[in-house]
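Reader: Could you take me through this structure? I would like to begin with the charged contacts.

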Amino acid sequence: MVPALFDKYISAVMEKSSDKLASLFSVNGRLSLPFRRNREVIVGRENIRLHYANAFPLTHPRVAAGALPGLQ
């Protein structure tokens, strides 16, 4: 991974930003982790964004807006 791209990835992970993580992929990008055999391959930037959004539920806009009580 190119150092600048790696820095963007780490920054997005630290911020738990599904939007920034997804922006690192092309529109038809593929997210797969070959060492996780039971994990499906996720195709498409929007599907990748949704995957990360579900992985970081505390950063979901509805949580930030107070729409999901108890998760703030």
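Reader: How many salt bridges does the structure hold?

Author: The structure holds three salt bridges, each being a side-chain nitrogen of Lys or Arg within 4 Å of a carboxyl oxygen of Asp or Glu. Please note that this is a predicted model, in which local features need pLDDT of at least 70 and side-chain atom pairs count only at pLDDT 80 or more, while totals for chains, interfaces and linings use all residues. Residues are numbered from 1 along each chain as its sequence is written, and side-chain values use heavy atoms, with hydrogens and water left out.

Reader: Which residues are linked in a network of salt bridges?

Author: D19, E46 and R49 form that network. E46 pairs with R49 at 2.7 Å between the closest N and O atoms, and D19 pairs with R49 at 3.9 Å. D19 lies in helix 2 and R49 in helix 3, so this pair ties together parts that are 30 residues apart in sequence. Helices here are DSSP runs of H or I with at least four residues, and strands are runs of E with at least two, numbered from the N terminus.

Reader: And how are E46 and R49 separated in helix 3?

Author: E46 and R49 are three residues apart in helix 3, which means about one helical turn between them. In general, an α-helix has 3.6 residues a turn, so residues three or four places apart point the same way.

Reader: Which side chain meets E15 in a salt bridge?

Author: That of K20, with an N to O distance of 2.7 Å. E15 is partly exposed at 42%, and K20 is partly exposed at 41%.

Reader: Changing topic, what is the overall pattern along the chain?

Author: The protein chain reads α-α-β-β-α-α, with four helices and two strands. Of its 72 residues, 21% count as buried.

Reader: Which residues make up the largest nonpolar core?

Author: There are nine: A12, L21, A22, F25, L31, I42, I48, Y52 and F56. Helix 2 (18–23) and helix 3 are the elements that give two or more residues to this core. Such a core is a set of buried Ala, Val, Leu, Ile, Met, Phe, Trp, Tyr and Cys residues joined through side-chain atoms within 4.5 Å.

Reader: What is F56 in contact with, leaving aside neighbours within four places in sequence?

Author: F56 is in contact with K16, S17, S18 and L21, where contact means heavy atoms within 4.5 Å.

Reader: Which residues make the nonpolar surface patch?

Author: F6, Y9, I10 and M14 make a patch of about 400 Å². I10 belongs to helix 1 and is partly exposed at 35%. Patch residues have over 30% relative accessible area and no salt bridge; like charges are joined within 9 Å, nonpolar side chains (Val, Leu, Ile, Met, Phe, Trp, Tyr) within 5 Å. Accessible areas come from the Shrake-Rupley method with a 1.4 Å probe, and for residues only the protein chains shown count as cover.

Note on methods: Buried means under 20% relative accessible area, exposed over 50%, partly exposed in between (1.4 Å probe, protein chains only).
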